[in-house]
Amino acid sequence: MKEMMLEVEHLKKSYDNKNLILDDITFSIKKGEVISILGPSGCGKSTLLKCLNGLESVDEGVIKLKGEKIETEKRKIHKIREKIGMVFQSYDLFPHMTIMENLVLAPRKVQKRKKEEIQEEAKQLLIRVGLLDKKDNYPRQLSGGQKQRVAIVRALLMKPEVLLLDEITAALDPEMVCEVLQVVLELAKTGMTMIIVTHELQFAKAVADTIIFMEKGRIIEINHPEQFFSIPKTDRAKQFLESRGKFQ
């Protein structure tokens, strides 16, 4: 039986105690599984990932990593982010640093690892994503798809136990989307535990073990990809798929 990796129980999040963004969110993910979170814009998908990563506080609820409750005090936040990595749609690479310098920075400063060790691991990961020849380039010399692949490598170098991907293809030209999605598919094959927010429905179907569908801050359906895309449980999910021409 697979180890339970992340458990989210009755999570609530609001702004100014008025605007409820996340309402009673409960789900879990086992080691090596991939969850794709779908839903209309503004339903709380990205906020949920930020709460899991400690970038946003929560009002109520519990997040457990491998059975242990995550403590969200500021002095412990960096520990959360080491274990629950996140890749954003904006790459956030330092423009004045080479790709290798960008990759080495966080493991050196946060985890106090040896530079040579990090560089060797970074090279191996760059080979996997087809970018070893770009290690001495600057971000401005890379395409959007290449920069996003570098951002994924940067997250992996921190050796996270769970990887969160937030609309990582949203800022890319269509021809660059496939190269980034291929990297994520390869990661899934290696057993990386991932939670993915995406608008790429065919990709979600291909990569996910489970689909979570959200609406107005709530989870309204959790389903297997084949079933979700062919026989969704809820009318709202059916409407969502029909509006994108994906319901068969």
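Aspartate 23 is buried, at 17% relative accessible area, and its side chain meets that of arginine 218 in a salt bridge, 2.9 Å from N to O. This is a predicted model, and that pair is a handy way into it. Aspartate 23 sits in strand β2 (residues 19-30) and arginine 218 in strand β10 (residues 218-223), so the bridge links distant parts of the chain, 195 residues apart. Arginine 218 is partly exposed, with a relative accessible area of 36%.

**Salt bridges**

- The count comes to 11 salt bridges. As background, side chains of opposite charge can pair when their charged atoms come close.
- Glutamate 161 and lysine 66 make one of these pairs, with their closest N and O atoms 2.9 Å apart.
- That pair also ties distant parts of the chain together: glutamate 161 is in the loop between α5 (144-157) and β7 (162-166), while lysine 66 is in the loop between β4 (60-65) and β5 (68-69), 95 residues apart.
- Glutamate 161 is partly exposed, with a relative accessible area of 24%, and lysine 66 is partly exposed too, at 41%.
- Glutamate 186 and lysine 189 form a salt bridge whose closest N and O atoms are 3.6 Å apart.
- Both of these residues lie in helix α6 (residues 174-189), 3 residues apart, which is about one turn of the helix.
- Glutamate 186 counts as partly exposed, with a relative accessible area of 37%; lysine 189 is exposed, at 65%.
- Arg113, Glu117, Glu121 and Lys159 join up in a network of salt bridges.

**The sheet**

- 6 strands make an open sheet, and their order is β6-β7-β8-β3-β9-β10, with mixed pairing.
- At the edges are β6 (84-87) and β10, each of which pairs on one side only.
- From one strand to the next, the twist averages 20 degrees.
- Strand β3 (residues 34-38) pairs with β8 in the parallel sense, over 4 bridges.
- Within that stretch, look for valine 34, which stands opposite methionine 194 in β8.
- β10 is also where arginine 218, the partner of aspartate 23, is found.

- Most residues other than glycine have a negative phi, and most peptide bonds are trans.
- Lysine 66 lies in the loop between β4 and β5.
- Lysine 216 also has a positive phi of about 50 degrees without being a glycine.
- Lysine 216 is in the loop between β9 (210-215) and β10, and this lysine is exposed, with a relative accessible area of 69%.

**The closed cavity**

- Rolling a probe the size of a water molecule over the atoms shows where empty space is left.
- The count comes to 1 cavity of 30 Å³ or more, and the largest cavity has a volume of about 50 Å³.
- Its lining includes Leu165, Leu181, Val184, Ile196 and Phe203.
- Both α6 and β8 (194-197) supply at least two residues each to that lining.
- By class, the cavity lining has 7 nonpolar, 2 polar and 1 charged residues. Glu167 is among the lining residues.

- The largest pocket has a volume of about 570 Å³.
- Of the 22 residues lining the largest pocket, those closest to its centre are Arg81, Met86, Ala106, Arg154 and Met158.
- Two or more lining residues come from each of α2 (77-83), β6, α3 (99-111) and α5.
- That lining has 13 nonpolar, 5 polar and 4 charged residues.
- The second largest pocket has a volume of about 230 Å³.
- Its lining has 11 residues, and Glu68, Lys69, Ile70, Glu71 and Lys83 are the closest to its centre.
- β5 and α2 each supply at least two residues of this second lining, with α2 giving the most, at 3 residues.
- By class, the second largest pocket is lined by 3 nonpolar, no polar and 8 charged residues.

Definitions and conventions
Residues numbered from 1 in each chain as written. Predicted model: local features only at pLDDT ≥ 70, side-chain atom pairs only at ≥ 80, totals over all residues. Heavy atoms only, no water. Salt bridge = Lys/Arg side-chain N within 4 Å of Asp/Glu carboxyl O. Buried < 20%, exposed > 50% of the residue type's maximum accessible area, 1.4 Å probe, protein only. 1 Å grid on protein atoms, 1.4 Å probe; cavity = no way out; pocket = protein on both sides within 12 Å on 5 of 7 lines; lining within 4 Å. Points joined across faces, edges and corners; volume = space filled by probe spheres on them. Nonpolar A, V, L, I, M, F, W, Y, C, P; charged D, E, K, R; others polar. Pairing = 2+ DSSP bridges. Axes fitted to C-alpha atoms, helices over the stretch in contact; angles between N-to-C directions.
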